[in-house]
Amino acid sequence: MTAATRHYLDFERPIADLEAKIEELSRLSDTAGPGAFDQELAALKHRVEDLRREAYARLDPWQKTQVARHPERPHFVDYVSGLIDEFVELRGDRKFADDQAVVGGLGRFRGMPVVVMGHEKGHDTTTRLKHNFGMARPEGYRKAVRLMDMAEQFSLPVITFVDTAGAYPGVGAEERGQGEAIARSTERCLSLTTPMVATIVGEGGSGGALAIAAANRVLILEHSIYSVISPEAGSSILFRDRAEAPRMANAMKITAQDLIGFGIVDRIIPEPAGGAHSDPDAAIKAVGDAVEEELKALFKLSPDGILRQRADRFYAIGRKGVG
Amino acid sequence: MRTMADARDETPKDKPARPARGAGWLAKIAPGVRNLVNRRAETPDNLWIKCPDTGEMIYRPDLESALWVTPAGRHMRIAPPLRFKYTFDGGAYEALPVPSVVEDPLKFADQKPYPERLAAARKATGEPDAVALAFGGIRDVPAVVMVQDFAFMGGSLGMAAGETFVAGARAALERQVPYVAFCAAGGARMQEGAFSLMQMARTTLAIQELRRARLPYVVVLTDPTTGGVTASYAMLGDIHLAEPGALIGFAGPRVIEQTIRETLPPGFQRSEYLVEKGMVDRIVERSELNAVLGSILATLMLGRKTRAA
């Protein structure tokens with residue numbers, strides 16, 4: 001990808017400018033003869049890395065929101081292809097339809113048989129439409145319930161990847177009981193007697209995220225966010241103006257670094273220096289390592305212990321260590 | 001979770017009507033005129049209440065004896081004390097304590113600091129937060145009842161409401177009695193961020209405790225119930241009743257209209273629509289709630305007793 005086609009966020013402008021210069025210089029170098037600008041190029045590349053590292057080391061909550069939504073950030077399908085062997089997608093809620101905003105199936109995760117599912121946002125216009133930008137309708141949550149039923153039946157652990165702006169607000173979704181579908185999915189997570197590990201890999205948008213994140217362990221990537229309402233929507237309600245979204249992002253404490261102190265997430269998975277999208281393979285591996293570790297620890301618990309640990313985890317939130 | 005702004009304003013409280021202050025001679029000869037003049041028709045201090053549907057002026061004592069249901073059938077929003085009074089036999093009940101929680105965990109401020117909003121809501125409602133609990137008999141079936149007050153910051157589900165919901169379920173478990181939840185909320189309390197989101201899971205856990213104990217959990221949906229409340233305990237009842245005409249949905253109508261860029265049909269997301277779509281068992285008039293709830297709870301508890309025997 002060249003600097004012209006790569007997706008840069010606003011705060012990455014200086015990086016974009018520098019990378020464009022590097023490309024220009026490389027082109028000049030090609031015509032001027034091999035190695036003509038090697039020294040300059042190396043220095044510039046070094047400078048870009050520094051800039052990127054610095055920028056990503058001190059992202060504010062609104063910048064993190066942008067990173068969490070970055071179109072090149074690894075999505076569910078990337079995690080599946082990087083981490084799950086013999087993935088067999090299972091489709092449909094057996095009631096009405098198949099909703100591709102939530103994708104799930106069976107597979108092997110580092111040798112372990114698992115049920116895996118997650119929100120998928122899509123990566124280009126065609127797939128974004130197919131997956132409805134990761135905004136699930138009731139059928140998505142009912143498929144999740146069905147897959148969790150199967151996990152229970154066959155004693156399979158459940159791994160989820162959370163990445164949604166929220167459940168889809170549409171007429172059909174309401175008509176078919178969006179609220180009920182989300183509630184039942186959350187309930188099913190909480191009644192599983194097999195281990196469940198959720199990782200917020202992008203956006204954890206409200207109830208539509210929680211529906212597959214009410215897990216024994218909730219992990220979050222370093223620049224992911226988890227929020228009761230999107231900063232934009234919150235801003236339009238409380239400030240009557242979407243433009244206050246950055247302020248809202250700040251006030252709602254939606255970053256991994258805020259949430260770990262509240263006990264709302266259990267573990268932060270560090271991202272590559274320029275964010276998960278700068279080195280997807282490394283990010284995917286880091287997520288895999290963390291999920292494996294958490295799952296293995298949970299295997300030590302009995303089915304009853306699994307239930308109790310999950311209940312204790314959620315009941316404890318807000319009861320201590322706050323304020 | 002984004003619908004508080006959709007709410008209509010009418011928030012009658014269980015307070016005696018006081019004569020209008022400062023209205024002078026006009027109020028004495030024509031009390032309704034003052035309402036027309038300064039548009040405070042829905043506030044509790046007035047002797048005349050404007051019907052939100054027809055605009056007709058309703059004499060407050062008449063409205064009170066009709067359980068705050070207008071002649072047009074609108075079930076107006078009522079505060080927890082009135083709800084308890086109408087729900088329990090003979091209006092007799094024991095108020096249960098609500099747990100205290102950490103306040104303002106995020107140190108949140110929008111245009112106003114959150115503690116100021118809380119203080120204002122407390123002053124306006126006389127309640128500590130959006131959810132109240134009571135214990136009493138419903139057609140002689142002892143039950144714990146939870147009531148959510150839309151007048152308190154849109155009934156929003158924060159840590160206090162969530163913890164109170166859990167405490168209500170525990171009180172029902174302790175007494176081995178059914179749990180009835182009157183829901184009314186714009187959704188989660190944004191000022192508590194992800195802490196409010198977590199209440200969706202925490203209240204669900206409490207419902208699971210009731211299920212394991214085979215104690216009935218009955219939901220009564222009242223106007224309005226939307227957002228995170230609809231996506232958790234409001235839709236997890238063994239039985240879902242609804243008052244007539246209540247707005248019930250996940251996304252608020254304004255959010256949906258913005259998404260689809262169309263005007264929604266009349267009746268969309270109202271109680272009657274939810275019955276038709278299979279999400280609500282039955283619409284029950286306010287005056288019938290005590291009888292219907294009593295009957296349902298008695299049947300379920302009889303079945304439970306047979307099993308235990």
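How many nonpolar, polar and charged residues does the lining of the largest cavity have? By class, 11 are nonpolar, 4 polar and 6 charged; here Ala, Val, Leu, Ile, Met, Phe, Trp, Tyr, Cys and Pro count as nonpolar, Asp, Glu, Lys and Arg as charged, and the others, Gly among them, as polar. The model is predicted: local features need pLDDT of at least 70 and side-chain atom pairs pLDDT 80 or more, while totals for chains, interfaces and linings use all residues. Residues are numbered from 1 along each chain as its sequence is written, chains are lettered from A and ligands numbered from 1 in the order in which they are written, and side-chain values use heavy atoms, with hydrogens and water left out.

**Cavities overall**
- The search of the whole structure finds 5 cavities of 30 Å³ or more.
- A cavity is a set of points on a 1 Å grid over the protein atoms alone where a 1.4 Å probe fits but cannot get out, and its lining residues have an atom within 4 Å of a point.
- Grid points are joined across faces, edges and corners, and the volume is the space filled by probe spheres set on the points.

**Largest cavity**
- Its volume is about 140 Å³.
- Of its 21 lining residues, B:Arg77, B:Ile78, B:Arg83, B:Thr222 and B:Asp223 lie nearest the centre.
- In chain B, strands S5 (141–148), S6 (179–185) and S7 (217–225) are the elements that give two or more residues to this lining; strands (E, at least two residues) and helices (H or I, at least four) are DSSP runs, numbered from the N terminus.

**Second largest cavity**
- This cavity holds about 90 Å³ of space.
- It is lined by 16 residues, with A:Glu174, A:Gly177, B:Ile248, B:Gly249 and B:Leu274 the closest to its centre.
- At least two lining residues each come from helices H7 (171–175) and H8 (178–191) of chain A and from helix H9 (271–276) of chain B.
- H8(A) gives the largest share, 3 residues.
- The lining comprises 6 nonpolar, 6 polar and 4 charged residues.

**Buried sites in chain B**
- Helix H4 (residues 80–87) of chain B is largely enclosed by the rest of the structure, because 6 of its 8 residues are buried, meaning under 20% relative accessible area (1.4 Å probe, protein chains only).
- Those buried residues are B:Pro80, B:Leu82, B:Arg83, B:Phe84, B:Tyr86 and B:Thr87.
- B:Ser156 lies in the loop between S5 and helix H6 (159–175) of chain B, and counts as buried at 1% relative accessibility.
- A polar atom of the B:Ser156 side chain lies 2.9 Å from the backbone oxygen of B:Met153.

How values were computed. On a 1 Å grid over the protein atoms alone, a cavity is a set of points where a 1.4 Å probe fits but cannot get out, and a pocket is an open set with protein on both sides within 12 Å along at least five of seven lines; lining residues have an atom within 4 Å of a point. Buried means under 20% relative accessible area, exposed over 50%, partly exposed in between (1.4 Å probe, protein chains only). A polar contact is a pair of N or O atoms within 3.5 Å; within protein, one must be able to donate a hydrogen and the other to accept it, and residues adjacent in sequence count only if both atoms are side-chain atoms.
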